[in-house]
Amino acid sequence: MEKSLRPPPTADLTPSVAESIPVDEQVLRSPSSLAGVWSFRWLLIQWSRRDFTVQYRQSLLGVVWAIVQPLMLLVLYGVIFTAFLGIKPDRGSYAVFALCGLVPWTFISSAIGRSSGAIAGNAGLLRQVYFPRAIIPLASTGVTVIDLAIATVVLLIAQGVTAGTIHLSTLALVPIYLGLILFMSGVSIVVSVIGALVRDIRFLIPLALQVGFLATPIMYPRRGTVPSRYSWIYSLNPVARTIEGVRQAVIDGTWPPAYGLVLLVGVGAVSLIVGLRYSAAVEERLPDLL
(Lines give C-alpha, C1' and ligand atoms only; values in the text may rest on other atoms or scores of the structure.)
Protein backbone atom coordinates (compact mmCIF):
# COMPACT_ATOMS: atom_id res chain seq x y z
CA MET A 1 0.00 0.00 0.00
CA GLU A 2 1.34 3.45 -0.88
CA LYS A 3 2.49 5.48 2.09
CA SER A 4 0.70 8.75 2.61
CA LEU A 5 2.80 11.84 3.18
CA ARG A 6 -0.09 14.14 4.05
CA PRO A 7 -0.63 15.19 7.64
CA PRO A 8 -3.92 14.88 9.50
CA PRO A 9 -6.30 17.87 9.23
CA THR A 10 -5.13 19.31 12.54
CA ALA A 11 -1.43 19.13 11.67
CA ASP A 12 0.92 21.81 12.88
CA LEU A 13 4.67 22.20 12.94
CA THR A 14 5.33 20.26 16.14
CA PRO A 15 7.74 17.32 16.22
CA SER A 16 5.05 14.91 17.46
CA VAL A 17 3.03 15.40 14.30
CA ALA A 18 6.03 15.14 12.00
CA GLU A 19 7.21 11.96 13.70
CA SER A 20 3.83 10.33 13.17
CA ILE A 21 4.00 10.66 9.39
CA PRO A 22 5.31 7.60 7.56
CA VAL A 23 8.12 8.66 5.27
CA ASP A 24 10.16 6.79 2.70
CA GLU A 25 13.69 7.59 3.88
CA GLN A 26 15.21 6.79 0.48
CA VAL A 27 12.91 9.29 -1.22
CA LEU A 28 13.66 12.04 1.29
CA ARG A 29 17.40 11.53 1.22
CA SER A 30 17.72 11.44 -2.54
CA PRO A 31 20.91 13.10 -3.89
CA SER A 32 19.10 16.20 -5.07
CA SER A 33 16.71 16.40 -2.08
CA LEU A 34 14.14 17.78 -4.53
CA ALA A 35 12.02 14.66 -4.08
CA GLY A 36 12.21 15.11 -0.33
CA VAL A 37 11.09 18.74 -0.51
CA TRP A 38 8.24 17.79 -2.83
CA SER A 39 7.18 15.01 -0.46
CA PHE A 40 6.97 17.59 2.33
CA ARG A 41 5.27 20.26 0.21
CA TRP A 42 2.39 20.35 2.71
CA LEU A 43 4.88 21.35 5.41
CA LEU A 44 6.29 24.08 3.18
CA ILE A 45 2.79 25.51 2.68
CA GLN A 46 1.91 25.27 6.37
CA TRP A 47 5.20 26.82 7.46
CA SER A 48 4.87 29.71 4.98
CA ARG A 49 1.31 30.33 6.13
CA ARG A 50 2.39 30.35 9.78
CA ASP A 51 5.31 32.70 9.16
CA PHE A 52 3.08 35.09 7.23
CA THR A 53 0.51 35.13 10.02
CA VAL A 54 3.12 35.61 12.76
CA GLN A 55 4.86 38.36 10.79
CA TYR A 56 1.78 40.61 10.82
CA ARG A 57 -0.15 39.29 13.82
CA GLN A 58 0.68 42.12 16.24
CA SER A 59 1.39 44.76 13.62
CA LEU A 60 -0.84 47.83 13.49
CA LEU A 61 -0.50 48.16 9.71
CA GLY A 62 -0.42 44.44 8.91
CA VAL A 63 0.22 43.62 5.25
CA VAL A 64 0.31 47.36 4.51
CA TRP A 65 3.98 47.15 5.53
CA ALA A 66 4.59 45.35 2.23
CA ILE A 67 3.59 48.66 0.59
CA VAL A 68 5.13 51.04 3.11
CA GLN A 69 8.66 49.62 2.95
CA PRO A 70 9.37 50.32 -0.75
CA LEU A 71 7.56 53.66 -0.53
CA MET A 72 9.73 54.75 2.42
CA LEU A 73 12.86 53.82 0.49
CA LEU A 74 11.47 55.68 -2.53
CA VAL A 75 11.02 58.89 -0.52
CA LEU A 76 14.34 58.61 1.34
CA TYR A 77 16.63 57.73 -1.53
CA GLY A 78 14.52 59.63 -4.08
CA VAL A 79 15.28 62.91 -2.35
CA ILE A 80 18.99 62.08 -2.15
CA PHE A 81 19.35 60.99 -5.78
CA THR A 82 17.11 63.62 -7.39
CA ALA A 83 17.41 66.71 -5.18
CA PHE A 84 21.05 66.42 -4.11
CA LEU A 85 22.69 64.40 -6.89
CA GLY A 86 20.48 65.65 -9.71
CA ILE A 87 19.89 62.19 -11.18
CA LYS A 88 16.94 61.84 -13.52
CA PRO A 89 15.35 58.67 -14.94
CA ASP A 90 16.01 57.80 -18.56
CA ARG A 91 12.31 56.93 -19.10
CA GLY A 92 9.00 57.43 -17.34
CA SER A 93 8.38 59.22 -14.06
CA TYR A 94 10.97 58.87 -11.35
CA ALA A 95 8.47 57.27 -8.96
CA VAL A 96 7.63 54.41 -11.33
CA PHE A 97 11.24 54.12 -12.49
CA ALA A 98 12.48 53.75 -8.91
CA LEU A 99 9.64 51.41 -7.88
CA CYS A 100 10.58 49.07 -10.75
CA GLY A 101 13.88 48.62 -8.94
CA LEU A 102 12.70 48.86 -5.34
CA VAL A 103 9.96 46.24 -5.59
CA PRO A 104 12.30 43.40 -6.70
CA TRP A 105 15.07 44.64 -4.41
CA THR A 106 12.81 44.72 -1.35
CA PHE A 107 11.88 41.11 -2.11
CA ILE A 108 15.57 40.17 -2.43
CA SER A 109 16.69 41.89 0.77
CA SER A 110 13.72 40.54 2.75
CA ALA A 111 14.28 36.98 1.50
CA ILE A 112 17.97 37.06 2.46
CA GLY A 113 17.33 38.77 5.77
CA ARG A 114 14.57 36.36 6.81
CA SER A 115 16.41 33.22 5.72
CA SER A 116 19.82 34.06 7.21
CA GLY A 117 18.84 32.92 10.69
CA ALA A 118 15.94 30.64 9.78
CA ILE A 119 17.67 27.29 10.27
CA ALA A 120 19.64 28.43 13.32
CA GLY A 121 16.42 29.69 14.88
CA ASN A 122 14.84 26.23 14.67
CA ALA A 123 17.73 24.26 16.14
CA GLY A 124 15.54 22.57 18.75
CA LEU A 125 13.16 21.19 16.14
CA LEU A 126 15.98 19.96 13.92
CA ARG A 127 17.36 17.82 16.75
CA GLN A 128 14.02 16.07 17.31
CA VAL A 129 12.65 15.17 13.91
CA TYR A 130 13.80 14.79 10.34
CA PHE A 131 12.48 16.75 7.40
CA PRO A 132 14.36 18.39 4.50
CA ARG A 133 16.13 21.34 6.05
CA ALA A 134 15.65 23.37 2.88
CA ILE A 135 11.97 23.63 3.84
CA ILE A 136 12.78 26.30 6.43
CA PRO A 137 14.45 28.92 4.17
CA LEU A 138 12.04 28.10 1.34
CA ALA A 139 9.13 28.92 3.66
CA SER A 140 10.79 32.22 4.57
CA THR A 141 11.13 33.05 0.89
CA GLY A 142 7.50 32.04 0.33
CA VAL A 143 6.36 34.75 2.74
CA THR A 144 8.30 37.42 0.85
CA VAL A 145 6.68 36.27 -2.41
CA ILE A 146 3.33 37.44 -0.99
CA ASP A 147 4.86 40.82 -0.19
CA LEU A 148 6.28 40.96 -3.73
CA ALA A 149 2.83 40.41 -5.21
CA ILE A 150 1.30 43.17 -3.05
CA ALA A 151 4.07 45.66 -3.89
CA THR A 152 3.73 44.86 -7.60
CA VAL A 153 0.07 45.86 -7.50
CA VAL A 154 1.17 49.24 -6.10
CA LEU A 155 3.74 49.54 -8.91
CA LEU A 156 1.11 48.89 -11.57
CA ILE A 157 -1.28 51.40 -9.99
CA ALA A 158 1.48 54.02 -10.00
CA GLN A 159 2.19 53.27 -13.67
CA GLY A 160 -1.49 53.57 -14.54
CA VAL A 161 -1.83 56.89 -12.71
CA THR A 162 1.33 58.54 -14.07
CA ALA A 163 1.27 57.17 -17.64
CA GLY A 164 -2.48 56.69 -18.05
CA THR A 165 -2.05 53.09 -19.21
CA ILE A 166 -0.79 49.68 -18.17
CA HIS A 167 0.92 47.95 -21.06
CA LEU A 168 0.12 44.40 -22.12
CA SER A 169 3.83 43.68 -21.86
CA THR A 170 3.37 43.77 -18.09
CA LEU A 171 2.52 40.07 -18.43
CA ALA A 172 6.26 39.55 -18.93
CA LEU A 173 6.57 40.05 -15.18
CA VAL A 174 5.40 36.45 -14.77
CA PRO A 175 8.55 34.81 -16.23
CA ILE A 176 10.73 37.60 -14.80
CA TYR A 177 9.43 37.02 -11.29
CA LEU A 178 9.57 33.26 -11.76
CA GLY A 179 13.28 33.47 -12.49
CA LEU A 180 13.80 35.86 -9.57
CA ILE A 181 11.90 33.65 -7.11
CA LEU A 182 13.78 30.54 -8.18
CA PHE A 183 17.09 32.35 -7.95
CA MET A 184 16.37 33.75 -4.49
CA SER A 185 15.08 30.38 -3.28
CA GLY A 186 18.48 28.86 -4.02
CA VAL A 187 20.34 31.81 -2.51
CA SER A 188 18.15 31.72 0.60
CA ILE A 189 18.88 28.02 1.16
CA VAL A 190 22.64 28.56 0.91
CA VAL A 191 22.56 31.68 3.12
CA SER A 192 20.42 29.90 5.72
CA VAL A 193 22.72 26.87 5.90
CA ILE A 194 25.84 29.03 6.08
CA GLY A 195 24.15 31.16 8.72
CA ALA A 196 23.67 28.03 10.83
CA LEU A 197 27.31 26.98 10.43
CA VAL A 198 28.97 30.41 10.64
CA ARG A 199 27.09 32.81 12.91
CA ASP A 200 29.21 35.76 11.80
CA ILE A 201 27.23 35.92 8.58
CA ARG A 202 24.44 37.84 10.29
CA PHE A 203 26.86 40.76 10.64
CA LEU A 204 27.99 40.58 7.02
CA ILE A 205 24.57 40.37 5.36
CA PRO A 206 23.42 43.95 6.16
CA LEU A 207 26.71 45.31 4.79
CA ALA A 208 26.49 43.13 1.68
CA LEU A 209 22.90 44.29 1.06
CA GLN A 210 23.92 47.94 1.37
CA VAL A 211 26.74 47.45 -1.12
CA GLY A 212 24.44 45.54 -3.44
CA PHE A 213 21.81 48.28 -3.27
CA LEU A 214 24.25 50.99 -4.28
CA ALA A 215 26.00 48.83 -6.88
CA THR A 216 22.73 47.95 -8.66
CA PRO A 217 20.89 50.52 -10.84
CA ILE A 218 17.83 50.66 -8.59
CA MET A 219 17.48 54.38 -7.89
CA TYR A 220 19.53 55.61 -10.83
CA PRO A 221 19.61 54.78 -14.56
CA ARG A 222 22.45 52.68 -15.85
CA ARG A 223 22.70 54.68 -19.08
CA GLY A 224 24.36 58.04 -18.52
CA THR A 225 25.38 57.23 -14.95
CA VAL A 226 27.62 54.19 -15.12
CA PRO A 227 30.82 54.70 -17.18
CA SER A 228 30.81 52.54 -20.31
CA ARG A 229 33.99 50.76 -19.28
CA TYR A 230 32.14 49.32 -16.26
CA SER A 231 28.97 48.34 -18.11
CA TRP A 232 30.10 44.74 -18.50
CA ILE A 233 30.09 44.38 -14.69
CA TYR A 234 26.42 45.29 -14.58
CA SER A 235 25.72 42.78 -17.33
CA LEU A 236 26.91 40.02 -14.99
CA ASN A 237 24.54 41.15 -12.23
CA PRO A 238 21.35 39.01 -12.38
CA VAL A 239 19.52 41.54 -10.21
CA ALA A 240 20.35 44.33 -12.66
CA ARG A 241 19.06 42.19 -15.52
CA THR A 242 15.85 41.52 -13.62
CA ILE A 243 15.25 45.20 -12.87
CA GLU A 244 15.93 46.14 -16.49
CA GLY A 245 13.40 43.55 -17.60
CA VAL A 246 10.79 44.97 -15.21
CA ARG A 247 11.36 48.48 -16.56
CA GLN A 248 11.08 47.33 -20.15
CA ALA A 249 7.81 45.54 -19.43
CA VAL A 250 6.19 48.19 -17.21
CA ILE A 251 7.53 51.54 -18.47
CA ASP A 252 8.64 50.95 -22.07
CA GLY A 253 5.72 48.71 -22.97
CA THR A 254 8.04 46.31 -24.77
CA TRP A 255 8.60 42.62 -24.22
CA PRO A 256 12.08 41.75 -22.96
CA PRO A 257 14.02 39.54 -25.39
CA ALA A 258 12.94 35.90 -25.21
CA TYR A 259 16.51 34.75 -24.67
CA GLY A 260 16.77 37.09 -21.70
CA LEU A 261 13.66 35.62 -20.08
CA VAL A 262 14.90 32.09 -20.71
CA LEU A 263 18.26 33.04 -19.22
CA LEU A 264 16.64 34.48 -16.08
CA VAL A 265 14.53 31.37 -15.51
CA GLY A 266 17.48 29.10 -16.32
CA VAL A 267 19.80 30.86 -13.88
CA GLY A 268 17.05 30.71 -11.26
CA ALA A 269 16.57 26.97 -11.76
CA VAL A 270 20.31 26.34 -11.49
CA SER A 271 20.43 28.42 -8.30
CA LEU A 272 17.62 26.37 -6.73
CA ILE A 273 19.23 23.05 -7.68
CA VAL A 274 22.59 24.15 -6.27
CA GLY A 275 20.92 25.30 -3.06
CA LEU A 276 19.02 22.03 -2.63
CA ARG A 277 22.11 19.92 -3.27
CA TYR A 278 24.18 21.96 -0.85
CA SER A 279 21.51 21.63 1.83
CA ALA A 280 21.22 17.87 1.25
CA ALA A 281 25.00 17.49 1.52
CA VAL A 282 25.31 19.10 4.95
CA GLU A 283 21.89 18.65 6.55
CA GLU A 284 22.86 15.53 8.52
CA ARG A 285 25.59 17.50 10.28
CA LEU A 286 23.42 20.52 11.10
CA PRO A 287 21.78 19.26 14.34
CA ASP A 288 25.20 18.50 15.83
CA LEU A 289 26.61 21.90 14.88
CA LEU A 290 23.71 24.02 16.09
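Before anything else I noted how helices are named here: helices (H or I, at least four residues) and strands (E, at least two) are DSSP runs, numbered from the N terminus.

**Entry 1: the ground rules**

I am looking at a predicted model, in which local features need pLDDT of at least 70 and side-chain atom pairs count only at pLDDT 80 or more, while totals for chains, interfaces and linings use all residues. Residues are numbered from 1 along each chain as its sequence is written, and side-chain values use heavy atoms, with hydrogens and water left out.

**Entry 2: the overall picture**

I looked up the secondary structure and found 14 helices and zero strands. How much of the protein is buried? Buried residues account for 47% of its 290 residues. For this I used the following terms: buried is under 20% relative accessible area, exposed is over 50%, and partly exposed is in between (1.4 Å probe, protein chains only).

**Entry 3: helix α5**

I found leucine 76 partly exposed, at a relative accessible area of 48%.

Is leucine 74 buried or exposed? Leucine 74, also in α5, is buried, with a relative accessible area of 14%. I then checked leucine 74 against valine 96: they are 22 residues apart in sequence, and their C-alpha atoms are 9.7 Å apart in space.

**Entry 4: helix α10**

I read α10 as residues 201-215, with 15 residues and a reach of 20 Å from first C-alpha to last, close to the 21 Å expected at 1.5 Å a residue. The expected span is 1.5 Å times one less than the number of residues. Which residues of α10 are buried? They are Ile201, Ile205, Leu209, Gly212 and Phe213. Seen down the axis of α10, these fall within an arc of 115°, so they line one face of the helix. The arc is that of the directions from the helix axis to the C-beta atoms. On the face turned away from that buried side I found the exposed residues Phe203, Leu204, Leu207 and Val211.

In α12, 11 of the 15 residues are buried, so the helix is largely enclosed by the rest of the structure. Among these buried residues are Arg247, Gln248 and Val250.

Next I looked up the largest nonpolar core, which has 44 residues; Ile108, Leu155, Met219, Val246 and Val250 touch the most other members. A core of this kind is a set of buried Ala, Val, Leu, Ile, Met, Phe, Trp, Tyr and Cys residues joined through side-chain atoms within 4.5 Å. Which helix gives the largest share of this core? It is α6, with 13 residues.

I found proline 137 in helix α8, buried at a relative accessible area of 0%. Tyrosine 130 lies in the loop between α7 (123-128) and α8, and at 18% relative accessibility it counts as buried. Tyrosine 130 and glutamate 284 are 154 residues apart in sequence, yet 9.3 Å apart in space, C-alpha to C-alpha.
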